[in-house]
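Q: I would like a close look at the charged side-chain pairs here, and at the elements that surround them. Please take them in a connected way, with the criteria stated as they come up.

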Amino acid sequence: MKKYFQPEIETMPVEEIKKLQSERLVKQVAYVYANNKYYKKLMDEKGVKPEDIQGIEDLHKLPFLTKNDLREAYPYGLLSRPLKDCVRIQSTSGTTGRRVVAFYTQHDIDLWEECCARALVAAGGTDEDVVQVCYGYGLFTGGPGLNGGSHKLGSLTLPMSSGNTERQIQFMRDLNATILCCTPSYAAYIGEKLHEMGFTPDDINLKAGIFGAEPWTEEMRRDIEQKLGIKAYDIYGLTEISGPGVSFECEEQTGMHINEDHFIAEIIDPETGEVLPEGSEGELVFTSITKEAFPLLRYRTRDLCVLSRKQCSCGRTHIKMCKPKGRSDDMLIIRGVNVFPSQIETVLLKEGYTPNYQILVDRINNEDTFEINVELSQEQYAKLQDDDLAFDKAEKKLVGAMVGMLGIRPRIHLLAPHSVVRSEGKAVRVVDKRKLHD
C-alpha cells in the first residue's frame, strides 16, 4: 500500500527541511516586501528590511499578522500578485466583522491540493479508493481542498457537500465509499442517521474518515469510529493560510504533521508574542513560504497547541502539532474561570452522553449564568422520561462531573433526542448572550 504521496519531501531529513525553509523564507520575505504594500508598511514600522532575514533563525524579527489586519486590508490589501494572475478566492464564514478573503493562483491551488493528497494517503488512501467529500463547497475551503486532493491522488471523488443526510448514506452504500471527509459533528450525525435508518457499520464500506474544521476530542473520535466502523483522522488548516492540509494525522495519531516545505510553524506566548521553545504550549503562528497570491508571514492563528519533533513511527520527518487545545480568543471566562467547550465535550462523552450539546452563557444582575443543554440518546430518553427521580439523579451526576473538570458549577438540562439544533456544517456550540450587553 502507498505510504506517502511525495516520499522524498515527507521523509526529508530535518536539517534539509530547515535549509529548504530558510531558502524559501528569504525569497518570500523579499517577494512580499516588493509586492505587498500593507506588509511592507508593517515591516517598515518595525524597522525590518528583507536583507535582515537570512534564514529561519531571523523569522522572529518579522511583524505578526492578525485577523484584524486581514479585515482592515479587505479585500485586496494583502494581495501580492496582479488580479489577472489569480484564479480563485476562498473565504471564511464571516460570523464576526468583515469576511476574510484569500486569493489563489493556479500554482497555489496545485500545492494546496498536493497537501490534501498527502493527508489522504496518510489515512490509507490510494487511487482505488472512493472519497466522499461532505465538507461544504463554495467559499468554504473544506470541500474544494479535499476534492482537489482526491483528484491529485486519482481516487473516485463524490463531491456531495453537506446536507441531505439520507442521500449521503444512499450514495455511500451504492458507490461503496471508503473514505469520508467532513466535520466531526457531521460525521457523528451521519453515524446517528445510519443507525436510525436501520443500518450498522457492516452495511457500509468506509474504512477511514478525515475530519476537521472544528474542535473535537479523543472521546468524540472513538464515538465516531464506533458508529461508522472506521479509523478517524484529524486534519487542520485555515482559509487564511490555504485551507485543510496545512497539517494532518498519520497512522500513529499522536499529532498532525505540518507540511513544512510550505509552512513554518512557531509557538508564541499569546500575551507577549515571545517565541517559546519546542514542547511549550502557546499560540500557533504560521508563515507561508510557497504561496504566491496571498502569502501571510507570521500569521497568528489564535489556536493553542504544542509542537514536537519526536521521531514518528510512520517515517515522516515533518514537525507535529497536537490537536488544538482551545483558542486564545474563544475561551469563555465565566465567573472568573477559564472554560473551553472542548472540556465540556470531554466530560459528556466520558459520561456516556451524545456529542450534541449547547453552552448558554448570560449575565443577569451583574452575575454570569452558565447552562448546558445536553441531548439524550433515544435509549437514555426511553429509560429516564417517566422517572423524574432518575432524571434528577442523572443531571446531578453530570453537574458533579462538570465541576470536577471545570471548577465551576453549570446548570444542566437533559433534553429529548433532536432537541439541540443540528448543524450539517460547523456546530454552534456556544451562545454567549453577554455580548449583547457590551
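How many salt bridges does the count come to?

A: This is a predicted model, in which local features need pLDDT of at least 70 and side-chain atom pairs count only at pLDDT 80 or more, while totals for chains, interfaces and linings use all residues. Residues are numbered from 1 along each chain as its sequence is written, and side-chain values use heavy atoms, with hydrogens and water left out.

Taking a salt bridge as a side-chain nitrogen of Lys or Arg within 4 Å of a carboxyl oxygen of Asp or Glu, the count is 29 salt bridges. One of them joins the side chains of Arg 81 and Glu 292, with an N to O distance of 3.5 Å. Because Arg 81 lies in the loop between helix H4 (67-72) and strand E1 (88-91), and Glu 292 in the loop between strand E11 (282-288) and strand E12 (299-305), this pair ties together parts that are 211 residues apart in sequence. (Helices, H or I of at least four residues, and strands, E of at least two, are DSSP runs numbered from the N terminus.) Arg 81 is partly exposed at 26% relative accessibility, where buried means under 20% relative accessible area, exposed over 50% and partly exposed in between, with a 1.4 Å probe and protein chains only. Arg 81 and Glu 292 also belong to a network of salt bridges that includes Lys 84 and Asp 85.

A second pair, Arg 434 with Asp 368, has its closest N and O atoms 3.1 Å apart. Arg 434 lies in the segment after strand E21 (430-432) and Asp 368 in strand E19 (residues 367-375), so here the linked parts are 66 residues apart in sequence. Both Arg 434 and Asp 368 are buried.

The salt bridge between Arg 221 and Glu 218, with closest N and O atoms 3.0 Å apart, sits within helix H9 (residues 218-228), where the two residues are 3 apart and thus separated by about one helical turn. Arg 221 is buried, with a relative accessible area of 4%, whereas Glu 218 is partly exposed at 34%.

Helix H9 itself lies across strand E5 (179-182), strand E6 (208-211), strand E7 (231-238) and strand E8 (243-249), and runs at about 130 degrees to E7; axes are lines fitted to C-alpha atoms, for helices over the stretch in contact, and angles run from 0 to 180 degrees between N-to-C directions. These strands are among those of an open sheet of 9 strands with mixed pairing, in the order E4-E3-E5-E6-E7-E8-E9-E14-E13. Strand E4 (156-159) and strand E13 (307-308) stand at its edges with a single partner strand each, so one side of each has no neighbour in the sheet. Strands count as paired if DSSP finds at least two bridges between them, and E13 pairs with strand E14 (residues 320-321) in the antiparallel sense over 2 bridges, with Leu 307 opposite Met 321 in E14.

Finally, strand E12 holds Thr 301, which is buried at a relative accessible area of 3%. Leaving aside its neighbours within four places in sequence, Thr 301 is in contact (heavy atoms within 4.5 Å) with Tyr 236, Leu 238, Glu 283, Leu 284, Phe 286 and Arg 327.
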